[in-house]
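Subject: Structure handover and notes

Hello,

Here is the structure for you to take over.

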Amino acid sequence: MIHSLSEAFVYAEAQGIPPATLLETVNSALFQSPFYLAYGNVMLHPPTLPGATIELGAKDLGLLREAAAARHSRLSLADNLAEVFREAQLSGLGGEDWAVGQYRMAQRRGILRS
């Protein structure tokens, strides 16, 4: 959810739409979700103290992937997100709130260079 919202914000920005406008529109017209609203607001207004960090998310994601592998299954979304978290940590975002860090990574990954 956070990753898709991050990418939606990046796309909206590229279209000249403020992310806050997208969040308000999606959360009032399309569906209503306290989770989208809460995480969207965290992403747009980063807290001084993170609720959960990218580092903690990476650890938990690692445990999930290990559990899946132990049952001979693979979770491609978890694999993709693990790569994003790894890049975030290498970029110095490991201590950021995980929603903020994912948004920052979506911003970095979403810029095409010609």
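A residue counts as buried when its relative accessible area is under 20%, as exposed when it is over 50%, and as partly exposed in between. Glutamine 102 has a relative accessible area of 2% and is therefore buried. Please note that the model is predicted.

Glutamine 102 belongs to helix α6. Leaving aside residues up to four places away in sequence, glutamine 102 touches Ile2, His3, Ser6, Ile54, Leu81 and Phe85.

Helix packing

Two packed helices are described by the angle between their axes and the distance between the axes. Helix α4 covers residues 54–70 and helix α5 covers residues 76–90; they pack at an angle of about 150 degrees, and their axes are 10 Å apart. Angles over 145 degrees count as roughly antiparallel, so α4 is roughly antiparallel to α5. The two helices cross in a left-handed sense.

Sorted by class, the contact of α4 with α5 holds 9 nonpolar, 2 polar and 3 charged residues.

A second pair is α2 (residues 19–30) with α3 (residues 34–44), whose axes come within 10 Å and cross at roughly 180 degrees. That angle makes α2 roughly antiparallel to α3. Helix α2 contributes Pro19, Ala20, Leu23 and Asn27 to the contact, and helix α3 contributes Tyr36, Leu37, Gly40, Asn41 and Leu44. By class, the contact of α2 with α3 has 6 nonpolar and 3 polar residues, and no charged ones.

Salt bridges

Side chains of opposite charge can pair when their charged atoms come close. How many salt bridges does a search of the whole structure find? The search finds 5.

- Arginine 65 with aspartate 79: the closest N and O atoms are 2.7 Å apart. Arginine 65 is in helix α4 and aspartate 79 in helix α5, so this pair ties together parts that are 14 residues apart in sequence. At 31% relative accessibility arginine 65 counts as partly exposed, whereas aspartate 79, at 17%, counts as buried.
- Arginine 109 with glutamate 87: the closest N and O atoms are 2.6 Å apart. This pair links distant parts of the chain, with arginine 109 in helix α6 (residues 98–109) and glutamate 87 in helix α5, 22 residues apart. Arginine 109 is partly exposed, with a relative accessible area of 34%; glutamate 87 is partly exposed too, with 28%.
- Lysine 59 with aspartate 60: the closest N and O atoms are 2.7 Å apart. Lysine 59 counts as partly exposed at 45% relative accessibility, and aspartate 60 counts as partly exposed at 39%.

Which residues are linked in a network of salt bridges? Arg65, Arg74 and Asp79 are.

Regards

Conventions:
Residues numbered from 1 in each chain as written. Predicted model: local features only at pLDDT ≥ 70, side-chain atom pairs only at ≥ 80, totals over all residues. Heavy atoms only, no water. Axes fitted to C-alpha atoms, helices over the stretch in contact; angles between N-to-C directions. Helix = DSSP H or I, 4+ residues; strand = E, 2+ residues; numbered from the N terminus. Parallel < 35°, antiparallel > 145°, perpendicular 65-115°, else oblique. Left-handed = near helix turned anticlockwise from the far one by under 90°. Nonpolar A, V, L, I, M, F, W, Y, C, P; charged D, E, K, R; others polar. Salt bridge = Lys/Arg side-chain N within 4 Å of Asp/Glu carboxyl O. Buried < 20%, exposed > 50% of the residue type's maximum accessible area, 1.4 Å probe, protein only. Contact = heavy atoms within 4.5 Å.
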